[in-house]
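Me: I would like to go through this structure step by step. Could we look at it together?
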Protein chains: 2
Amino acid sequence: MRILTEQGEEGVDSISSERLAELAGVNAAKVRKDLSYLGSYGTRGVGYEVAYLVYQVRRELGLTHDWPVVIVGAGNLGQALAGYDGFGARGFPVVGIVDIDPAKVGSVFAGTRVRHIDELPQIVQSKHINIGVVATPAMAAQDAADRLVSAGVTSILNFAPVVLLVPRAIEVRKVDLAVELQILSYYEQRRAGGAIPAVGAPRPANA
Amino acid sequence: MRILTEQGEEGVDSISSERLAELAGVNAAKVRKDLSYLGSYGTRGVGYEVAYLVYQVRRELGLTHDWPVVIVGAGNLGQALAGYDGFGARGFPVVGIVDIDPAKVGSVFAGTRVRHIDELPQIVQSKHINIGVVATPAMAAQDAADRLVSAGVTSILNFAPVVLLVPRAIEVRKVDLAVELQILSYYEQRRAGGAIPAVGAPRPANA
């Protein structure tokens, strides 16, 4: 979905399974097999129509209607996420922001007024929210998660650099903003020619 | 690396290739083969020592020394990234923040003083920076990237929801904060039993 969206933004109308496979880092046969489950087979010599494939994947991902989200934590990260164009545009409107700090309550970020974290159950129920975003400092994240779960949220996106303990039925995805930097540092390391040979294992030429 | 770090944080001392494979969504034979290139073979019945494997992967990724980064954009996202514990802790200290808005210059975020974007070349050269982070609004992102490249940065982490055009030699990674929400919405969709059958392709039981 990410790749298709990027290709669409770049003006690509149709794409081959080989190209999709290359961009996704998997093999083309797997791409064709996976997409066949969506009822999408592409056209020999032309590939898949990007816009229609996006529609099919969106339908499968449950993106044919909006999923309102609530953000816990109105610090810089919470404010940045509330104002992040990508959320609303992708079908995840931020319909609530809460914070534990009374001094932050009442401020308005990206059109949403910060409310006290004690109001979380009421916000989750009145706005039919399934997904909560934890944007607190690390030490407050577990409490934020506990409160989201108590309020009735069933999926959590965690930006805090800690592992959250939640009941088994709750889905948690952790966003680690440093992972992409680690990938860049790998390229920089190679660019500098500074790769240290592994001990005990000669590197095959195709590694 | 992300998985190993999480396992380490959860107190796991050693891990089997099967468990690593399960967490990474690949097969165990591939894990063993890939790790053999690092000179890491694990111990039958015990697995890999997490801390030593982290060391080996860090060495390979070029994470044995710090990679200082500069952030372009001192808005909410730039401030949040400057204060994000994960960057410094993972070896990516934020050593500079610049903004085009004179009103923001001079403010201090997470110990770093905002400087004007015109000072970028000087900052990049004096602090030996290879990696720049674009944390501007979408419409300012291409200019930010152009200035980073002119200043001598060779890798860019882009948080703006646009595709950046850069010379071929420059690495760009785009962070799409909405992707994880799309994954959660898929789980929510399944939870609700709301998956719409694909047209034209009966779903195999093992899909």
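Me: Where is A:Asp118 placed?
Reply: In this predicted model, A:Asp118 sits in the loop between β6 (112-116) and α7 (120-126) of chain A. Helices (H or I, at least four residues) and strands (E, at least two) are DSSP runs, numbered from the N terminus.
Me: Is A:Asp118 buried or exposed?
Reply: A:Asp118 counts as exposed because it has 11 C-beta neighbours inside 10 Å; the cut-off for exposed is 12 or fewer other C-beta atoms within 10 Å, with C-beta atoms placed from the backbone.
Me: And how are the numbers and letters assigned?
Reply: Residues are numbered from 1 along each chain as its sequence is written, and chains are lettered from A and ligands numbered from 1 in the order in which they are written. As the model is predicted, local features need pLDDT of at least 70 and side-chain atom pairs count only at pLDDT 80 or more, while totals for chains, interfaces and linings use all residues.
Me: Now the chains: how many residues of chain B are in contact with chain A?
Reply: 59 residues of chain B are in contact with 59 residues of chain A, where contact requires C-beta atoms, placed from the backbone, within 7 Å.
Me: Which element gives the largest share of that side of chain B?
Reply: That is α9(B), with 12 residues.
Me: How is chain B laid on chain A?
Reply: A turn of 180 degrees and a shift of 0.0 Å along the axis do this, with an RMSD of 0.1 Å. The copies are therefore related as by a two-fold rotation axis; they are superposed by least squares on the C-alpha atoms of residues with pLDDT of at least 70 in both.
Me: Which residue of chain B comes closest to the rotation axis?
Reply: B:Asn76 does, with its C-alpha at 2.6 Å.

Notes:
Contact = placed C-beta atoms within 7 Å. Buried ≥ 20, exposed ≤ 12 C-beta atoms within 10 Å, placed from the backbone.
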